[in-house]
Amino acid sequence: MRPDGLYLNGERVRLVGFNRVHDHRVYGNTEPDHLVRLDVDLMKAYGGNFMRIMHAPCAPNLLDYLDEKGVLVFGEIPVWGEGDPNVIPGNPRTKRWLDEMIARDFNHPSIIGWSVGNELLDHDAFVRSMLAHVRVLDPHRLATYVSYSGGRPQYTPQNDPITDSDLILYN
């Protein structure tokens, strides 16, 4: 990340992306290869090079295919929504989830960063503590979360960690 944009292997990249929810009427949350390939191939056919996933670590076969097709993604732990009981600053459980996800997925070139949560409220201290943890685990990739509060008048740079994220992701 540079002030003028996102760079990958020295080239400026414009992210064109899609949201992918791994919830299928027949297969549930499993990721059969044929569905992974269909989804990713459709995204590529429509010019996509970035995928936003549903607040959980990516399935290994999805990451393998993203690597093969050159589609970028953020790894994300399952911390989601207003009132998530894991939104505790320095939470050892969410730190362990980050440790495990990053250790497992670190060598996937499709992963450009790590997200510590999605659509949180009253989350400032939690997100700041998790972003700091991510930066220790992997100082070379982006660290972020998906904001649900950015732009709301009660949240400012002093109580909303969106300004601490390397890339602003809004829902």
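Biologist: Which residues does Met 51 touch, not counting residues up to four places away in sequence?

Modeller: This is a predicted model, so read every contact as part of a prediction. Met 51 touches Phe 18, Arg 20, Val 40, Met 43, Leu 62, Leu 66, Val 71, Leu 72, Val 73 and Phe 74.

Biologist: Which residues touch the most other members of the largest nonpolar core?

Modeller: The general idea is that nonpolar side chains tend to be buried together in soluble globular proteins. Here the largest nonpolar core has 31 residues, and Val 40, Met 51, Leu 62, Leu 66, Val 73 and Val 116 touch the most other members. At least two residues of this core come from each of helix 1 (33-45), strand 4 (50-53), helix 2 (60-69), helix 3, strand 6, helix 4 and strand 7. Helix 4 gives the most, with 5 residues. There is also a second, separate core of 9 residues, including Leu 6, Leu 142, Leu 167 and Leu 169.

Biologist: Why is strand 7 described as largely enclosed by the rest of the structure?

Modeller: Look at burial along the strand. In strand 7 (residues 142-147), 6 of the 6 residues are buried, so the rest of the structure largely encloses this strand. The chain reaches strand 7 from strand 6 through helix 4 (residues 124-137), and this β-α-β crossover is right-handed.

Biologist: Which strands does strand 7 pair with?

Modeller: Strand 7 pairs with strand 6 (residues 111-120) in the parallel sense over 5 bridges. Follow Ser 147 to see both pairings: Ser 147 is the bridge partner of Leu 120, and Ser 147 stands opposite Tyr 170 in strand 8.

Biologist: Which residues other than glycine have a positive phi?

Modeller: Asn 9 has a positive phi of about 50° and is found in the loop between strand 1 (6-8) and strand 2 (11-13). Asn 9 is exposed, with a relative accessible area of 77%. Glu 119 has a phi near 55°, but Glu 119 is found in strand 6.

Methods: Residues are numbered from 1 along each chain as its sequence is written. This is a predicted model: local features need pLDDT of at least 70, side-chain atom pairs count only at pLDDT 80 or more; totals for chains, interfaces and linings use all residues. Side-chain values use heavy atoms; hydrogens and water are left out. Buried means under 20% relative accessible area, exposed over 50%, partly exposed in between (1.4 Å probe, protein chains only). Helices (H or I, at least four residues) and strands (E, at least two) are DSSP runs, numbered from the N terminus. Two strands pair if DSSP finds at least two bridges between them. A crossover is right-handed if, with the strands pointing away from the viewer, the path from the first strand over the helix to the second runs clockwise. A nonpolar core is a set of buried Ala, Val, Leu, Ile, Met, Phe, Trp, Tyr and Cys residues joined through side-chain atoms within 4.5 Å. Contact means heavy atoms within 4.5 Å.
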